[in-house]
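Dear colleague,

I am passing on the structure we spoke about, and would be grateful if you could look through it with the notes below beside you.

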Amino acid sequence: MSIALYRVDDRLIHGQVVVGWGKPLNARFIVLVDDSVRSSDQEQELYRMGVPPDIEVVFASTAEARQRLSEWERDPRTGILVFGDIDTLAALAANGHGVSRVNVGGLHHRPGRSERLRYVYLSDGEAVKLKALAAQGVEVTAQDVPTTRPVPLEDFT
Amino acid sequence: MTTPARPPLGRSLLRLFTVQGSWNYERMQGIGMGVAEQPLIRDLDGNGTAYHAAVARAAHFFNAHPYLCGLAVGATARAEHDGVPPQQVERLRTALCGPLGALGDRLVWAGWLPLTSGLALIGVALGLGLWAIFGFLIVYNIGHVALRWWALRAGWAYGGQVATALREPVLQRAATLSAPAMALVAGVALPLVVHYLTGGFLSWTRAVLAVVAAGGFVLLRWQRARLTGLRFGLVLLALAALIGWFWQ
């Protein structure tokens, strides 16, 4: 298999990722791409606690993820790649790095963002960045859990 | 920064009982968290600026198991007193959402609640009547309030090092044992409850009930994405009422 889900979620690893998506996809590893978490042992330990022991958790910085993406794509196990913001996604998808589909799973309220869906709040700048990714050929949809309907990008930007 | 020798944990605990009261999609439990944390950070140094900024941070988006929210409340309040940089406090809250949600689900929703409910059902089936219900309410809530109190105290004690609290052997053992214990009690309760509930039925209606239960089980497994036990139960109730109405 390979990376079955590229997900933008500011809560990073939590129940929707591990159980909601992880179970039906039979995910065997989760890659968390976040520069701050990569440099914090405490945070890594907390995120690892939310994942069953039979699922491997890999912590990577954005630069490391760019280097190792093709390695994860070739992995015989099914994996999920999670990042917390659109900038990290854009950095990873730049220059045709092999990200063809992106799931916007949860971006929550912050100053400057407005509600687009119940679980997606975006600033105008973030909406523009998502549209730019779509223009590069990346399929962007919003969907919090697999049992809900995927929402096309044009319906929430 | 100074840390209060006697933090008002009791007041914070009382407020934590309302943490779900202001739940909304924008901040989920955020407002409730801010309300619960407020007594613990009321005496932050400064001319009120530090306090106001800390309350605003405490009310940001948050979502975890409601019984374990206190761990995040205590930990972030302590981190604020310890002078941890604001961005790091926010990252700590975000990092706690996942493990507190997962641990709470295992301990409570898939463990303590069905375990004590099963024991209550066994009590009712064995003829204890209302005493079994009162016993359930008392025992369940002793565990529930104890967990909330432990979470808040542990969060305050460990602050930014709160992962240490989550590694405590008692907690890990409880999380491991809760599901098998619940399964054991459910296994014992099921035949007793079925016998109790079908005691007044004729033998052929018991066969109908068995078919309906087996069919419902298969249907729920087959249509698990669309059908829930609640919906199926409501449909059955409506059908039973309709059949009873025509029967008369």
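This is a predicted model: local features need pLDDT of at least 70, side-chain atom pairs count only at pLDDT 80 or more; totals for chains, interfaces and linings use all residues.

Chain B has 10 helices and 0 strands, so that, read along the sequence, its pattern is α-α-α-α-α-α-α-α-α-α. The radius of gyration of chain B is 23 Å, well over the 18 Å that the globule rule gives for 248 residues, and chain B is therefore more spread out than a compact globule. Its C-alpha atoms fill a box of roughly 75 × 35 × 30 Å along the principal axes. The domain assignment divides chain B into domain 1 (9-197) and domain 2 (201-248), and the centres of these two domains, taken over C-alpha atoms, are separated by 35 Å.

As to burial, 35% of the 248 residues of chain B count as buried. Among the contacts in chain B with a separation of 6 or more, 74% are between residues 24 or more positions apart.

Helix H10 of chain B covers residues 229-247, and its 19 residues should span 27 Å at 1.5 Å a residue, which agrees with the 26 Å found between its end C-alpha atoms. The number of buried residues in H10(B) is 0, so this helix lies largely in the open.

One position in chain B may deserve a separate look, namely B:Ala59, which is placed in the loop between helix H3 (49-58) and helix H4 (69-81) of chain B. Leaving aside residues up to four places away in sequence, B:Ala59 touches B:Arg27, B:Gly30, B:Ile31, B:Met33 and B:Gly34. The C-alpha atom of B:Met28, 31 residues away along the chain, is separated from that of B:Ala59 by 9.7 Å.

Turning to the contact between the chains, 18 residues of chain A are in contact with 18 residues of chain B. On the side of chain A that touches chain B, the elements that give two or more residues are helix H1 (15-25) and helix H3 (41-49) of chain A, and H3(A) gives the most, with 6 residues. The residues on this side of chain A divide into 6 nonpolar, 8 polar and 4 charged.

Which residues of H6(A) are buried? They are A:Glu126, A:Leu130 and A:Leu133, and they cover an arc of only 55° around the axis, which means that they are on the same side of H6(A). The face of H6(A) turned away from the buried side carries the exposed residues A:Asp124, A:Gly125 and A:Ala135. The cover over the buried residues of H6(A) includes helix H5 (86-93), strand S5 (101-106), strand S7 (120-122) and strand S8 (139-142) of chain A. H6(A) is followed by A:Gly137, which has a positive phi, near 105°.

With kind regards

Notes:
Residues are numbered from 1 along each chain as its sequence is written. Chains are lettered from A and ligands numbered from 1 in the order in which they are written. Helices (H or I, at least four residues) and strands (E, at least two) are DSSP runs, numbered from the N terminus. Two residues are in contact if their C-beta atoms, placed from the backbone, lie within 7 Å. The radius of gyration is taken over C-alpha atoms; the globule rule is 2.2 Å times the number of residues to the power 0.38. A residue is buried if 20 or more other C-beta atoms lie within 10 Å of its own, exposed if 12 or fewer, and partly exposed in between; C-beta atoms are placed from the backbone. Domain bounds come from an automatic or database domain assignment. Ala, Val, Leu, Ile, Met, Phe, Trp, Tyr, Cys and Pro count as nonpolar, Asp, Glu, Lys and Arg as charged, and the others, Gly among them, as polar. The arc is that of the directions from the helix axis to the C-beta atoms. The expected span of a helix is 1.5 Å times one less than its number of residues.
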